[in-house]
Amino acid sequence: MLPRNGLVSNEVFEPTIIGFTCNWCSYRAADLAGTARIKYPPNIRLIRLMCSGRLDPTFVLKALANGADGVLITGCHPGECHYIEQNYKALRRFQLLRRTLAGFGLEPQRLKLVWASAAEGAKFAAEVASFTEEIRALGPLQWGKARSAQTEAWEEALTEGMEVAA
Amino acid sequence: MTTKPKFAMYWAASCGGCEIAVLNIHEKILDVDANFEVVFWPVAMDAKYHDLEAMEDGSILLTLFNGGIRNDENERMAKLLRRKSKILVAFGSCANEGCIPGLANLRDSRDIVRTAFNTVSTDNVSHVYPMHSYDVPEGEIHIPKILPILQTLDQVVEVDYHMPGCPPESDQIAGVIDLVIQVLQGKAELPPKGAVIGAGNSTVCDECARTRNVKSIESFTRIWSAATDPALCLLEQGVPCNGPATRSGCKARCPSAGAQCIGCYGPAEGVLDYGARLVSSFASVINASDPETIDRILDGLPDPAGQFYRFNLAGSLLRAGRPAWEREPA
Amino acid sequence: MTQRITIDPITRLEGHGKIEIFLDEAGDVANTYFQIPELRGFESFCVGRPVEEMPLLTNRICGVCPEAHHMAAAKAADAVFHVDPPRTAKILRELLYSAFYVTDHATHFYALGGPDFVMGPDAPVAERNILGVIHKVGLEIASKVIQARKYGHTVVEVIGGRKVHPCTSIPGGLTKGITEEQRREILEMGTWAIEFAQFSLKLFNDIVLGNKVYVDLILGDIYTHRTYYMGMVDEHNHVNFYDGQVRVVDPEGREFVKYAAPEYASHIAEHVEPWTYLKFPYLKTVGWKGFVDGKDSGVYMATPLSRLNASDGLATPHAQEEYERFYATLGGKPVHQRLATHWARLIELLYAAERWVELASDPEASGPKFHTIPTEKPTEGVGIVEAPRGTLTHHYWTDERGVLTSVNLIVGTTNNYAPISMSINKAARSLIKKGTVVTEGLLNMVEMAFRAYDPCFGCATHSLPGQMPLEVTIHDAQGNPVRVLRQYC
């Protein structure tokens, strides 16, 4: 059985996670975690949006297409959005996007939406940590890249796996 | 007597609809004949591949290339025609974004052969499958190798112009032919390289005559399940219409005929990922704010991947689903 | 070392194909292989789509005959929902379909198959095409052909929403009807179409039947095969393109079987070869005996000629007269000469035009009720129509939401893959012998063997294989094969 995606079994997979955080709540929560020295895994690269409602699904697709193994979206709690209602828009988009990506074979768990207020630094850190472990367990995604590695591996395997006739 | 500039039209993994759309310019086909020498067009005339190979590089002024790149013959032809042509147009949805056959990218292409060669009416007890190279008693014969994913023309060669539509509407084709003839006569300039031609700059909604109000739906409607109001926006009635993200140029014929826009003209101007844009549009019309109600409403859309990427999958950011990329050896 | 001649690609048809001709040492034809190099995968990638999309998705199997797929899909979707569309919807669908037949058969005769007769089979390549035909026959005739296509596509657009890839059929009927004014316009265009059909038959009579060389070609043995014939018929055994039962007659013209849509799989099976992506349908009860003629071979043909052979006549008066003249001229039923298909096609063009007028004359055509909302749970359904190139079968299975779980398609031209292969083989053997100088014109005469069938290989190659299983032959230094490694997926 060939190793998936070229990884040898004793290497630990470090997920690449993109986090879209909203300026008013969750980005401040991340800042708070930082100033309070609450550790969270460095696997997440944060991108600050003014509001979770600014999240265009294109951003998520671009992240996945460019190597993200998981995408975390964070916003203000329902009813607390700085721009009143925009986090509900994020919620609707997120749910529809996740269903759409399921049709592409993407596990729903690779996309997560979390509400966190500016005061919830510890919660933010905990969510990031648990999401990182969930993605680690799911394994690397390597969108699109699997093909080239897989094609070579597949061609070798063809030679091995062939039945000999005659 | 001056020689007329050369013209070619070729179909890769296509359906022939683009060819028919060109024939449907009716009398204007005589303008094509008057202004061009047609040197390669398999549907209509008998030039073969060896004739094309023998032509000088760059000697064909204008080539309309339709069809997606599904197998290695399509890829070879794309590269050959790129060499032989001065201007190469990605013509129609297949060449531009993959079109319907691009939906095959959601699956492992091997499942597809297994399905076709094991249907309920197929007699194949020994599980014989087509082979790229096969020895018959007289010699070795070949058929093209299917590539793991279907690609668009500009994913394999450089493309000069893009003309969208499945197929491009004939009035648009006539307009482009007029423009090209004007350019030949020195009366007009070619648009900048890479431009979209023969289509509009807005969305189908702009061309649609239906009345639009604020959309706020509590369920999605399958088109057969209720009588729809022909004067009112379809999406507003819960019918999944792709108009909001689809490029204009088609005169919104389908909504005019009572059917939802299925998105055959591709992404509107400035749209990076067509499906993503539709996710936003559709999400924005849902009248619900809690996850359970949103889920219930979304259950009315049984196939979002197909709905949002029906024509555009191969040309989208993700290009294919995981089963297509991640193929375990057999 | 065998010599080989490759015709690649075949031209003046819809779709892709190539012909390999192997010659033996003597210079006679050892064998021919007609290979279909394309596959796209509709039977696979339509799974997971809502069934109401099938009239739209399957349009893209073929842009020359999307109307055929649209109708077969519409009927299959109706069957899935166990819903019967209202009469107005059925009239309009068949009316669209009849007008489409006029354009499609006209396109084939004047642009695809016709140039071989109008310009001559070995006319220079640059002239042997629709543009050459226009130059030769003149603009007046060219304008008539353009007008016929324009009218036909106008009807498709008025009823179907678009000229190519119609969009108005849904489970239970249509998304719209037509106005009384539109009905009258369509009727007027249909009346003109009848004249055009008669003009085309006269043209065929003058240019083809009036030319002894062509008549000998048509009647000659090289393009003749004796097989079973298939076509859809109504309750009077008259040809009907849109609805009815499928009837098969044997090589002597006797009824072999007549079946309703849901029973198709009991009668048709598809044979497989490893050197092509397309399968070879055959009559299941007779069995696959190879690429051979005759009553004991399951090979059958489904073309305009087959439809006339499999029927007891045509339902409209002028076309029926032509039907009788056809068989009287060619010596009775059934007719086995494949090139006579070009004539049969024009007779069908006339029937289609007359049917166009019949349907457009029905006042219910502009009626208000064009859709019945399905109320039953969707399950499974089969829809069959006659595509211009042969009997077209769509079979769908869905879940309780009407989302497809499985799809089986047997497409018009696919029915004819074995007969076409046999016609090419026979034509090549007859035309290429020891000492023959093989010219481009001669190879075109081999291609004429398939052109009579008006093939549509875009249609035929709806299915898509994935990774190729490989066969590797290892040769020793003398070139003898010593080992064959085979992997099938």
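In chain C of this predicted model, helices H4(C) and H8(C) are roughly parallel to each other, because angles under 35 degrees count that way and their axes cross at roughly 30°.

**Helix pair in chain C**
- H4(C) covers residues 87–113 and H8(C) covers residues 180–209, and their axes come within 11 Å.
- The two helices, H4(C) and H8(C), cross in a left-handed sense.
- On the H4(C) side, the contact is made by C:Leu95, C:Val102, C:Ala106, C:Phe109 and C:Tyr110.
- H8(C) contributes C:Ile186, C:Ala193, C:Phe196, C:Phe199, C:Ser200, C:Leu203 and C:Phe204.
- Sorted by class, this contact of H4(C) with H8(C) holds eleven nonpolar residues, one polar and no charged ones.

**Helix H3 of chain A**
- H3(A) runs over residues 86–102; its 17 residues should span 24 Å at 1.5 Å a residue, and the end C-alpha atoms are 24 Å apart, which agrees.
- Buried residues of H3(A) include A:Asn87, A:Arg92, A:Arg93, A:Phe94, A:Gln95 and A:Thr100.
- The cover over these buried residues includes H2, S3 and S4 of chain A, together with H10, H11 and H12 of chain B.

**How H2 meets H3 in chain A**
- The axes of H2(A) and H3(A) lie 10 Å apart at an angle of about 40°, and the pair is therefore oblique.
- H2(A) passes H3(A) in a right-handed crossing.
- A:Pro57, A:Val60, A:Leu61 and A:Leu64 of H2(A) meet A:Arg93, A:Leu97 and A:Leu101 of H3(A).
- That contact of H2(A) with H3(A) comprises six nonpolar residues, no polar ones and one charged.

Terms used
Residues numbered from 1 in each chain as written. Chains lettered and ligands numbered in written order. Predicted model: local features only at pLDDT ≥ 70, side-chain atom pairs only at ≥ 80, totals over all residues. Heavy atoms only, no water. Axes fitted to C-alpha atoms, helices over the stretch in contact; angles between N-to-C directions. Helix = DSSP H or I, 4+ residues; strand = E, 2+ residues; numbered from the N terminus. Parallel < 35°, antiparallel > 145°, perpendicular 65-115°, else oblique. Left-handed = near helix turned anticlockwise from the far one by under 90°. Contact = heavy atoms within 4.5 Å. Nonpolar A, V, L, I, M, F, W, Y, C, P; charged D, E, K, R; others polar. Expected span 1.5 Å × (residues − 1). Buried < 20%, exposed > 50% of the residue type's maximum accessible area, 1.4 Å probe, protein only.
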